[in-house]
Each structure stands twice: as C-alpha cells, then as structure tokens.
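The following exercises are to be worked through with the sequence and the model in view. Each task is followed by a solution in steps.

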Amino acid sequence: MTGNETCEDAGRDGGEEPATDGGERTTGSRASSEPRSDGGAAAGADDVALDPWGSSTVSDYRKLFAEFGIEEFDEVLAEVPEPHYLMRRGVIFGHRDYRPVAEALREGEDAAVLSGFMPTGDPHIGHKLVFDEIIWHQERGADAYALIADLEAHSARGLSWEEIDEHGRNYLLSLLALGFDPEEGTLYRQSTNREVQDLAFELGIEANVSELGSIYGFDGETDVSHMQSVVTQMADILYPQLERPKPTVIPVGPDQDPHVRLARDLASRMRTFGVTTAYASFEATEAELEHVGDAYESREAYAEDPDQPRCGEAAEWLREERDASDPDVESAITKLENAGMEPLRPRTRFLDRRATDEAFEALIDAIEGEKRVFEEHVDAFDLDRETADELAREVEVDRGGYGFLAPSSIYHRFMTGLTGGKMSSSIPASHISLLDDPEEGYEKVKSATTGGRETAEKQRELGGRADECPVYELYAYLLAGDDDEFAKRVYDECVGGDRLCGDCKEQAARLMKEFLADHQEKREEVADLLDAADIELESPRRG
Ligand code: TRP
Ligand code: SF4
C-alpha cells in the first residue's frame, strides 16, 4: 500500500468509546496467522447477562461457555460438511447440541433450520448473518423456516401492524435475494400461523408465570401478550418437528439463548417418557448418578464379588474416596446404603412422565430382553441408551405424541458498530442497512473507526489491530465472502504493517457499494417470488 503518509482516521480518538473493551477477547485456539474475526465484543459492557429484549452486548464470549454452558463451535467444526465461512472464521462461535444436525446433514437425513426476525426496522448486515445461516442449511438439504415475529414486535416493542408489514416485507425480500428458496422452504408470520398458536397453547401448560419471571425478569407489570409472545417463540422453535421429530438448528445471536434453553426444557417436558441411566432400583439425580457410576466403574477395588458389587459396598467406597461433605456425595451414599445388599447393575431406565396406562403398557411390551417394571418406571438391562431413546420416541409418536428432540442452536458474534461500540439499529452510522443507498454504504465504510495506529509510520512499524477493527470485521463477516485467502491476506497485511487504513477502507467501501447495489437489484428480482410465496404480507389486524 502506498500513498498514505498518515494512517488516516486511526479512529480511536474522539469517539466516546474505544473500539475495544480492554483486551477481554476470546483468543481461541486458532493459529495466529489465521484471520481472526472476533471483533464482535461490544465496548464498555462487562456483564454477560443474556437478555432477549435488552441491549444485547456481550463483552466476553468466553464467559458464555463457562456460565451458560454454550459449547465452542470449533469443537464440532470438523463434523460439519463443507462448513460455511462464518463457521470457519469463528463468527459462529458457539452452539448447543449441534452434533445431531451436523450428522443429519452429513448423512442426508431429515433436519431443519429455523429462525425468526422481529420486524422492528430495516434488515441490516447483522441480519444477513442469520439469513446466510438459514440458506446454507437449506442448500444442504435441511427443511428451512423463516418467520416474522410480528406478535413479539407488536407486544414487546409496540410496533403498529402497518410498520410491521413494511419491515417484514423488507426482511423477506433480503432473505430471498440472498438465496432462500421459498418453494422448498417455509415462510410465515406468527400471527397467522394457527398451528404455531395451538402448539404455543400446549407448551404454555408446561411453563408457569414464576418460571418466565425468573428467566426473563418478568414481573406483575408484564403484559400478558408479551408472555404470549414467549410461548409463541417456543412454538416457533419446535414447529419444524410438528410433523415428525427431527434435528433442528436455531441460528441466533447469544441474546436469544434464554429462549433456546427454555425451548429445550419444554421439548423434554412434553415427552411421554424420559430415558435415563441407572445403577440400582432407586431414583437418583444427575449429580448423584455420577458418583454412583464412578463407584460402579471402580467395583474391582472393593467388591467381594466384582461381578455383583453391592450397593452397600459402593457406599463404603464412596465414603472413603469422596468428600462426604459434598451434598451430592452424601445423598448418593445414603441412597446406596438404603439399598444395602441390592446389586449395583447398570441399566437404561424409562420414566413415565405423562403416559397413559395404555402407553406405558405399550412401552413395556416393546422393550426387548430383560426388564423390570416398577410403579413409575421400567428398567431395561439389554438396551443401550441410543436404542432406548429411539424406542421411547417411537412409542410416543405412534400413540400421537410429539416426540420432540431438544432443538439445537448456533450462535454468531455481534458485529461491532462502524463507529465503535455496538452496532445498533438506532444509530444509523453504526450499521449498514441492506436498504442503504450503495453510495451511502460507501461513505459509512469510509468514515468507520479502524484498528489503525496514529500515524502511517507507526502502522508500518507495529502493524494494525485487525482484531479490534470494525473494517476488518466487514471483510471477515461479509466482504470476503467465501474467499478465505482474501480474508487472510487482509488480516496478515494489516497486522504485518503492509496495509494502511486509508486504502484498506477504500477497498472495503467499494466492495460494500458493489454488494449493496447487487443485493438491491436482486431484491427487485425476487419481488414476484415473494408475492407468490405462501405468506400473508398484509395483516388485517388493528391496534
Ligand atoms: N425473539 C427473536 C428476536 O428478538 C425473534 C424470534 C421469534 C425468533 N421466534 C423465533 C428467533 C424463533 C429464533 C427462533 O429477534
Ligand atoms: Fe486499518 Fe484495514 Fe487494518 Fe482495519 S483492517 S486496522 S482498516 S488496515
């Protein structure tokens, strides 16, 4: 890069907030020469409260793994066939239970993808991430669903139906323009999907007000319709499985994780039978089971007859080996002691959650091999866990139940605002709308904050801070498209001091302008396709 004597617009001065939040970034396990794209952390915030209706800032993605049990996407990456560039570059950084979806895609089995959009404004480049994720799964054979969360926008955000219709149409045009196939996939709006409303009603029976209160901070002042929009979202998430259970992924930002967790819970509460592992006739919690399981595995160490370790013997072993002041250890010991001479023997347990007598009988009949029937559960000794899961689901579905699989999710990083801080729909200069005039998009990129140094000399000497640069993010999240080489080149040149911000932004701005012009042309081309699609674009509602 030549011709720039000052590294134009270092961007870290003047703004209220620095473009970074003090180095609390996930560094991950990638080789440092690979393009990094973790600039999604928002400035200023150091909390990780996940609030679907809050400001959705996440300052430290690592905490999401530790505190909320979101798993690192890198760990499943190798199992994903031809991963999307957002996956390869760590923009999609986390997941819950994505393996079954990856497996279904690999094996060409049934799978689904669904996400929803609150039509509160124009679709912008942050929404594009989710559009792309839906489309990618659709192209790999998943049943694809995209919904307009109009009930949520109306109840939680107070938008009028007119505004909702206008924004909703804009989201859908962009989705189609980016490649969603409306003939293969399903589009709907919450307010006109009767099946979703009916499912929401059923799911609402499994959740109560105090539970929603503790998850979402709802209180006595919360609108009833806002609560209804929550159960509607639960139904959205499970809707792809209404016909039959299948692995389903919900691509969203991490702010939606509370919804995902609740949906996973409700999916299991709706099940007729539960399936767990057990070692003796008594019931045990997960935590207790772990200790009992360990005791079983160590039976050689203490059992008089290791082919038939006794519960009492296991209790003694645990008392010696474990810290009995831990309440889980203590209760595991008590349960084992009470079982006394009963042999410890691993088994798969079917719990009767909400089965009719007939369904319970049908399950018992269907279990092959040795089994023992109790009041509220059946123990099977010759079935592995997976077979047992399938059997329980089969019996449930045969008898008219849903048999839901717990829905999976993938999480993408939030983009940093072009002006530093977080990207926000309410600050036009901070984000690029998919409807921005291409020239305006060009200008916004040209005036963006960068991770550059104060002067060109310093930039050449020290290199730029691509990891803290919203412009680099634009390349990694969007402008480089599928071209990893290109993204990597920008990164390497930047941190190596061979790239100066002025030229770098000029290049990005031109690419953005091209992208917007092209996208907007495509939006026009798909207008007929949208009008022909099976979705009501105008709401007859009032209010
Ligand atoms: N609550 C989501 C948002 O704020 C929108 C939404 C509604 C959604 N239903 C969904 C997202 C189902 C994912 C899946 O944007
Ligand atoms: Fe500057 Fe480009 Fe590096 Fe950002 S990526 S710091 S704009 S050279």
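**Exercise 1. Which residues are the closest to ligand 1, and how many surround it?**

Solution. This is a predicted model, in which local features need pLDDT of at least 70 and side-chain atom pairs count only at pLDDT 80 or more, while totals for chains, interfaces and linings use all residues. Residues are numbered from 1 along each chain as its sequence is written, chains are lettered from A and ligands numbered from 1 in the order in which they are written, and side-chain values use heavy atoms, with hydrogens and water left out.

Step 1. A residue is counted as near a molecule if one of its heavy atoms lies within 4 Å of it. Ligand 1 is surrounded by 14 residues, and the closest are Gly-116, Glu-152, Gln-233, Asp-236 and Gln-256.

Step 2. Sort the shell by residue class: seven are nonpolar, five polar and two charged. Here Ala, Val, Leu, Ile, Met, Phe, Trp, Tyr, Cys and Pro count as nonpolar, Asp, Glu, Lys and Arg as charged, and the others, Gly among them, as polar.

Step 3. Assign the shell to elements, where helices (H or I, at least four residues) and strands (E, at least two) are DSSP runs numbered from the N terminus. At least two residues each come from β3 (112-117), α10 (224-238) and β6 (248-252).

**Exercise 2. Which side chains place a polar atom 2.8 Å from a nitrogen atom of ligand 1?**

Solution. Step 1. A polar contact is a pair of N or O atoms within 3.5 Å. Gln-233 has a polar side-chain atom 2.8 Å from a nitrogen atom of ligand 1, and Asp-236 has one at 2.8 Å from a nitrogen atom of this ligand.

Step 2. For Gln-256, the distance from a polar side-chain atom to a ligand nitrogen atom is 2.9 Å.

Step 3. On its own, ligand 1 has 370 Å² of accessible area, of which the protein covers 91%. Such areas come from the Shrake-Rupley method with a 1.4 Å probe.

**Exercise 3. Which elements give two or more residues to the shell around ligand 2?**

Solution. Step 1. List the shell: among its residues are Cys-469, Cys-494, Cys-501 and Cys-504, and also Arg-499 and Tyr-472.

Step 2. The elements asked for are α19 (470-479) and α21 (501-525).

Step 3. By class, this shell divides into seven nonpolar, four polar and one charged.

**Exercise 4. Is Glu-82 buried or exposed?**

Solution. Step 1. Locate Glu-82 in the loop between α2 (74-77) and α3 (85-88). Its phi is near 40 degrees, a positive value in a residue other than glycine.

Step 2. Apply the cut-offs: buried means under 20% relative accessible area, exposed over 50%, and partly exposed in between (1.4 Å probe, protein chains only). Glu-82 is exposed because its relative accessible area is 59%.

Step 3. Treat Asp-97 likewise: this residue, not a glycine, has a positive phi of about 55 degrees and lies in the loop between β2 (92-96) and α4 (99-107). With 27% relative accessibility, Asp-97 is partly exposed.

**Exercise 5. How many residues apart along the chain are Phe-515 and Gly-441?**

Solution. Step 1. Phe-515 belongs to helix α21 and is buried, at 16% relative accessible area.

Step 2. Along the chain, Phe-515 and Gly-441 are 74 residues apart, and their C-alpha atoms are separated by 9.4 Å.

Notes. Polar contact = N/O pair within 3.5 Å; in protein donor to acceptor, adjacent residues only side chain to side chain.
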